[in-house]
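Dear colleague,

Please find below the structure that I am handing over to you. My notes on what was found in it follow directly after.

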Amino acid sequence: MNRFLLTLSIGFLAVLAVGGLSMALGAGSSDPQKPDLQFEALSPWADADPIPFRGISPRLDNLKGKKIGLFINPKRAAMPIGKSIERRLKELYPDIETVIFHSVGANVNEIETKNKEKYTAWAKSVDGVIAVVGD
């Protein structure tokens, strides 16, 4: 209901703004009924994503015996940070397994690269993921 009212309000304001601008433009022309410029009011709402939303995965209750993925971004410090996290996890949970996925493409979603299948298989093979950003 709130979304409807917001859309209706924005549409109404757009019509008022265009009408006022049309009158102002018409004031300088020879025929006030035919302004020199025309505007079209568009909805600010984009098309909806056809893929339905789903909630985030539940948190792991503990890390004992889990397989944890470390997603390492391409920044210079990311791999040393990832190796440090891996070492500390294994100190805290000796039976933990870690699997590193090293992203090499800067500023791109891994799912949109040539490594899409490798990334998808990696993500499905782990119980949880830690994203390591080397900034």
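In this predicted model, glycine 69 has valine 99 in β2 as its bridge partner. Strand β1 (residues 67-72) and β2 run parallel and are joined by six bridges. These strands belong to an open sheet of three strands, ordered β2-β1-β3 with parallel pairing. Because β2 (97-102) and β3 (128-132) each have a single partner strand, they stand at the edges, and one side of each is left without a neighbour in the sheet. From one strand to the next, the twist averages 25°. Helix α2 (residues 78-92) packs on the sheet and touches β1, β2 and β3; the direction of helix α2 makes about 170° with that of β2.

The aromatic residues deserve a separate paragraph. Six aromatic pairs are found in a search of the whole structure. One of them is formed by phenylalanine 71 and tryptophan 122, a tilted pair at 6.2 Å centre to centre with 45° between the planes. Phenylalanine 71 lies in strand β1 and tryptophan 122 in helix α3 (residues 116-125), so this pair ties together parts that are 51 residues apart in sequence. Both phenylalanine 71 and tryptophan 122 are buried, the latter with a relative accessible area of 7%.

Tryptophan 122 also pairs with tyrosine 119: the ring centres are 5.8 Å apart and the planes are at 35°, so this pair is tilted. Both residues lie in helix α3, three residues apart, which is about one turn of the helix. Tyrosine 119 counts as partly exposed, at 22% relative accessibility. Ring pairs link Phe71, Phe101, Tyr119 and Trp122 into a cluster.

With kind regards

Definitions and conventions: Residues are numbered from 1 along each chain as its sequence is written. This is a predicted model: local features need pLDDT of at least 70, side-chain atom pairs count only at pLDDT 80 or more; totals for chains, interfaces and linings use all residues. Side-chain values use heavy atoms; hydrogens and water are left out. Two strands pair if DSSP finds at least two bridges between them. Helices (H or I, at least four residues) and strands (E, at least two) are DSSP runs, numbered from the N terminus. Axes are lines fitted to C-alpha atoms, for helices over the stretch in contact, and angles run from 0 to 180 degrees between N-to-C directions. Contact means heavy atoms within 4.5 Å. Rings of Phe, Tyr and Trp (its six-membered ring) pair if their centres lie within 6.5 Å; planes under 30 degrees apart count as stacked, over 60 as edge-to-face and the rest as tilted. Buried means under 20% relative accessible area, exposed over 50%, partly exposed in between (1.4 Å probe, protein chains only).
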